[in-house]
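Let's walk through a protein structure together, one question at a time. Have a look at it first.

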Amino acid sequence: MPVALTGGAITDHPFDAYEAEMEFGAVQGGESVPVHMTLVNRDALFSLAVDTSEIRGAAVFAAEVARSRSVLVFSVFMMLAMWALAVAVLMGGRHLVRRRSGLTWPALGWMAATLFALAAFRNTAPGAPPIGGLLDYLAFFWAETLIAFCVIVVVVRAVRSEDPPPPRGAAAP
């Protein structure tokens with residue numbers, strides 16, 4: 001039986017939480033009969049908290065559904081990893097620019113690979129959150145922007161440092 005979940009938004013992943021209220025009753029011969037119901041969570045991505053009560057022989061459930069602890073831990077780990085990788089690229093880029101290392105292809109390859117690997121890493125988030133969710137705004141978009149900026153700055157500075165100097169004694173036209 002479909003049950004409407006209220007009070008949450010998927011874009012708040014992994015911190016989204018939902019509520020649902022359900023009431024089950026039975027009538028036999030025009031009389032209310034006692035109902036015994038059990039609500040079980042079978043989804044590993046969510047945790048379930050249920051408050052039960054009885055009103056005039058009907059079983060009443062007030063359920064709160066939230067992401068499981070493992071989803072929260074892994075999602076926070078993903079955000080921290082994205083930021084750590086972005087900071088590592090920033091530090092590597094700063095090092096290359098300050099030392100005027102020129103076009104250091106292994107470093108540039110690592111930076112570009114990190115830029116594209118983050119998209120695949122983001123897509124492994126449990127529960128497949130939609131693009132534009134909280135995970136993206138807290139880590140993914142910022143990390144991608146920072147890494148792309150670093151790659152561009154390193155390449156521009158490296159090309160400038162590798163340009164041959166003008167020959168000595170050459171007159172300007």
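Before we start: two strands pair if DSSP finds at least two bridges between them, and helices (H or I, at least four residues) and strands (E, at least two) are DSSP runs, numbered from the N terminus. This is a predicted model, where local features need pLDDT of at least 70, side-chain atom pairs count only at pLDDT 80 or more, and totals for chains, interfaces and linings use all residues. Residues are numbered from 1 along each chain as its sequence is written, and side-chain values use heavy atoms, with hydrogens and water left out.

Q: Which residue in strand 5 is the bridge partner of Ser53?
A: Strand 4 covers residues 46–55 and pairs with strand 5 in the antiparallel sense, over ten bridges. The partner of Ser53 in strand 5 is Val60.

Q: Which residue in the turn between strand 4 and strand 5 has a positive phi?
A: These two strands form a hairpin, with two residues between them. The one in the turn with a positive phi, about 50 degrees, is Arg56.

Q: How many bridges join strand 1 to strand 5?
A: Strand 1 (residues 17–24) and strand 5 run antiparallel. The number of bridges joining the two strands is eight.

Q: Is strand 5 mostly covered or mostly exposed, and how many of its residues are buried?
A: Buried means under 20% relative accessible area, exposed over 50%, and partly exposed in between (1.4 Å probe, protein chains only). Strand 5, residues 58–67, is mostly covered. Out of its ten residues, the number buried is seven.

Q: Is Phe24 buried, partly exposed or exposed?
A: Phe24 sits in strand 1. Contact means heavy atoms within 4.5 Å, and beyond four places in sequence Phe24 touches Met1, Val35, Met37, Ala58, Ala59 and Phe61. With a relative accessible area of 21%, Phe24 counts as partly exposed.

Q: How are helix 2 and helix 3 oriented to each other, roughly parallel or roughly antiparallel?
A: Axes are lines fitted to C-alpha atoms, for helices over the stretch in contact, and angles run from 0 to 180 degrees between N-to-C directions. Angles under 35 degrees count as roughly parallel, over 145 as roughly antiparallel, 65 to 115 as roughly perpendicular and the rest as oblique. Helix 2 (residues 105–122) and helix 3 (residues 134–162) pack at about 160 degrees, with axes 10 Å apart. Therefore helix 2 and helix 3 are roughly antiparallel.

Q: And how is helix 1 oriented to helix 3, roughly parallel or roughly antiparallel?
A: The axes of helix 1 (residues 69–98) and helix 3 come within 9 Å and cross at roughly 15 degrees. That makes the two helices roughly parallel.

Q: Which residues does Glu162 contact, leaving aside its neighbours within four places in sequence?
A: Glu162 is in helix 3, and it is partly exposed, with a relative accessible area of 46%. Its C-alpha lies 49 Å from that of Ile10, 152 residues apart along the chain. Setting those neighbours aside, Glu162 contacts Gly102 and Leu103.
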